Amino acid sequence: LALRYDLTVPFSKYIAMNKNLKLPYKRYEIGKVFRDGPVKPGRNREFIQCDVDSVGIEGQMVEAELISLFVEGYEKLGIDIVIKYNNRKIMSGIIECCNIDESLVKATITIIDKFEKLSKEEIKEEFLKIGLSEESIEMLIKFLSLSFDEIKQCFEDTENINLIQGIREMEELNDYIRNLNLEQYVKFSPTLARGQDYYTGTVFEVYQRNGNIQSSIGGGGRYDNIIGDFIGDGKMYPACGISFGLDVIFEILKSEDKFKKTNVSVYVVPMGNKSQALKVA
């Protein structure tokens, strides 16, 4: 038994247990989840997650739709956002090209996810602690400091399958972003990993543009393998989902005094007749 830590795994299990569902299948879900880790404004151990998931659609069209949904949702809430995005295949390909032992990949990704929070020296120290060579560290830091166009140019002759697929997926998504006029809301971030191991492609994290709240206020990504792993039938169940962080959204709205004051100016006090008081109220 465990405390539920997200809504994605239960969603995947639901699909696996209901094989006659018509695909593609999309759903919204709001529910309580839990996590370990530091507590700060907008980041609690127990919190409410608002998820949007899709299964049964390949390609980057779903990712583009979910980015649009983020933009529309936060606009309606009056929160100015930037959506950082990356592709886990690009990250995996870069790690492979840096000759990092497979046993160290998971620990390496965990450190890469801290890139924007630590100095270059601190990052190097973290990598050395887990056993990466100086040469691998220098290569990693170099590649993870590049823009998408620079990564594309740098690896144009690569035979690494993860890089080939990741770059192709990113190009497709960027086409959608341009055609939907979403460039002002997104920022490519080669160090964005998101913690969960189940992500297989594009990953997102949403931040308040003014940086008043440091934590991400939304996130998600593609997880093509998890449903197939539950079912074990050898088929692919392409899935992608995002999550809005209700608690952190509440903190932002509260701090910016965006809650309307009540216009009620009557206070009903029951004095021996609760039914009549309730009727008046």
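Reader: What's the strand order in the open sheet, and how many strands?
Author: Seven strands, in the order 1-2-7-6-5-3-4, with mixed pairing. Two strands count as paired if DSSP finds at least two bridges between them. Helices (H or I, at least four residues) and strands (E, at least two) are DSSP runs, numbered from the N terminus. This is a predicted model: local features need pLDDT of at least 70, side-chain atom pairs count only at pLDDT 80 or more, and totals for chains, interfaces and linings use all residues. Residues are numbered from 1 along each chain as its sequence is written, and side-chain values use heavy atoms, with hydrogens and water left out.

Reader: Which are the edge strands?
Author: Strand 1 (25-34) and strand 4 (186-188). Each pairs on one side only. The twist averages 20° from one strand to the next. For angles, axes are lines fitted to C-alpha atoms, for helices over the stretch in contact, and values run from 0 to 180 degrees between N-to-C directions.

Reader: How many bridges join strand 3 to strand 5?
Author: Seven, between residues 81-87 and residues 202-208, running antiparallel. N87 has T202 as its bridge partner in strand 5.

Reader: Which strands does helix 2 touch?
Author: Helix 2 (residues 61-77) packs on the sheet and touches strand 1, strand 2 (46-55), strand 3, strand 4, strand 5, strand 6 (218-222) and strand 7 (239-245). Contact means heavy atoms within 4.5 Å. The direction of helix 2 makes about 15° with that of strand 7.

Reader: And helix 8, what does that touch?
Author: Helix 8 (residues 161-179) packs on the sheet against strand 3, strand 4 and strand 5. Its direction makes about 150° with that of strand 3.

Reader: Back to strand 7. How many of its residues are buried?
Author: Six of its seven, so strand 7 is mostly covered. Buried means under 20% relative accessible area, exposed over 50%, and partly exposed in between (1.4 Å probe, protein chains only). Strand 2 joins strand 7 through seven bridges, antiparallel. Strand 6 pairs with strand 7 over five bridges, also in the antiparallel sense. There, G220 stands opposite I242.

Reader: Which residues of helix 3 are buried?
Author: R88, K89, I90, M91, G93, I94 and I95. That is seven of the 10 residues in helix 3 (residues 88-97). Their cover includes strand 3, helix 4 (105-112), helix 6 (134-143), helix 7 (148-154), helix 8 and strand 5.

Reader: Switching to charges. How many salt bridges in the whole structure?
Author: A search finds 18. A salt bridge is a side-chain nitrogen of Lys or Arg within 4 Å of a carboxyl oxygen of Asp or Glu.

Reader: What does E63 form a salt bridge with?
Author: R222, with the closest N and O atoms 2.6 Å apart. E63 lies in helix 2 and R222 in strand 6, so the pair ties together parts 159 residues apart in sequence.

Reader: Are E63 and R222 buried or exposed?
Author: Both are buried.

Reader: And where do K26 and E65 lie?
Author: K26 is in strand 1 and E65 in helix 2, 39 residues apart in sequence. Their side chains meet in a salt bridge (3.0 Å, N to O). K26 is partly exposed at 46% relative accessible area, and E65 is partly exposed at 40%.

Reader: Which residues are linked in a network of salt bridges?
Author: R4, R27, E29 and D53.
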